[in-house]
Amino acid sequence: MALKKTLTIAGSDTSAGAGMQADLKTFQELNTYGIVALTSIVTMDEKTWSHDVSPIPFDVFEKQLETAISIGPDAVKTGMLGTQEIIKRAGEAFVESGADYFVVDPVMVCKGENEVLNPGNTDAMVEHLLPKATVVTPNLFEAGQLANLGTLKSIDDMKKAAKIIHQQGAKHVIIKGGKALDQDKSYDLYFDGKQFYQLTTDMFQQSYNHGAGCTFAAATTAYLANGKSPKDAVIAAKAFVASAIKNGWKMNDFVGPVDHGAFNRVEHIDVEVTEV
Ligand code: ADP
């Protein structure tokens, strides 16, 4: 049987833990054929690891989309898009591609915490991406920004944000508590418009988990393409990324990526699912 085709519209992380590299590795691990339309290239200073983002010229971005659309992806994922123009075009490209599933990872910062790269991007994502999204995968910070609720601190806050993001048009919402929720376990909240579910795993090491967010969204995309329901896809993606995080490794003094292959090569981790 032919492999399902999964397209990522994202940036390149030269250190290769996150970005389109994380997406392609995850697609490969989960038996889909990964395709890329690159928005930008992120490089790191060897002495400080400060990040430099080089945008791909828009006409080159457009040519990649044309190629990717002609290949006919079954599912499309977005990562770091960078500008409002690219955000709008990514939403259109999903529609033009005829793909069945659209996973929106609403990346707002390249690295670090609370400084949004470009605040107008949040509104553009709400306008152009969320109404088309099969699943949207914000972390706590991104969910607070999308829902305009500021800092989310609890599962109840996450529920409020999930309802708003669902009203903005995303059919399925998963808010990743992850390490940001500051609990003893790793909690994510899934909402299908009717029912909330809490997805829980143990909390693993927090030092070497660069790329966790991209890997989670890419795994969701691959599982959807291969036929899982959105709820089962996010549960499976959480298990996939939990193995990757538990086996994260130190690359240098600045960064440690997740191990994208740990789920297949090393171990499976249980996810507890409870209605909340
Ligand atoms: P990041 O923003 O650090 O890339 P996310 O918050 O997007 O990571 O989380 C991606 C997934 O990994 C979510 O399912 C989240 O709950 C989970 N996760 C993040 N950190 C940990 C950790 N230290 N241990 C277990 N799961 C984690």
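Which polar backbone atom lies 3.4 Å from a nitrogen atom of the ligand? In this predicted model, the atom belongs to glutamine 205. The pair counts as a polar contact, that is, a pair of N or O atoms within 3.5 Å; within protein, one must be able to donate a hydrogen and the other to accept it, and residues adjacent in sequence count only if both atoms are side-chain atoms. The protein covers 91% of the 550 Å² of accessible area that the ligand has on its own (Shrake-Rupley method, 1.4 Å probe; for residues, only the protein chains shown count as cover).

Oxygen atoms of the ligand also take part in polar contacts. A side-chain N or O atom of aspartate 188 is 2.5 Å from a ligand oxygen, and a polar atom in the side chain of serine 186 lies 2.9 Å from an oxygen atom of the ligand.

The ligand is surrounded by 18 residues, the closest being Lys176, Lys179, Asp188, Phe204 and Gly213; a residue is counted if one of its heavy atoms lies within 4 Å. By class, this shell holds six nonpolar, seven polar and five charged residues (Ala, Val, Leu, Ile, Met, Phe, Trp, Tyr, Cys and Pro are nonpolar, Asp, Glu, Lys and Arg charged, and the others, Gly among them, polar). At least two shell residues come from each of strand S8 (185-191), helix H7 (212-225) and helix H8 (230-246). Helices (H or I, at least four residues) and strands (E, at least two) are DSSP runs, numbered from the N terminus.

The axes of H7 and H8 come within 8 Å and cross at roughly 140°; axes are lines fitted to C-alpha atoms, for helices over the stretch in contact, and angles run from 0 to 180 degrees between N-to-C directions. H7 is therefore oblique to H8 (under 35 degrees is roughly parallel, over 145 roughly antiparallel, 65 to 115 roughly perpendicular, and the rest oblique). For helix H3 (residues 84-97) and helix H4 (residues 119-128), the axes come within 9 Å and cross at roughly 15°, so H3 is roughly parallel to H4.

Residues are numbered from 1 along each chain as its sequence is written. Local features need pLDDT of at least 70, side-chain atom pairs count only at pLDDT 80 or more, and totals for chains, interfaces and linings use all residues, while side-chain values use heavy atoms, with hydrogens and water left out.
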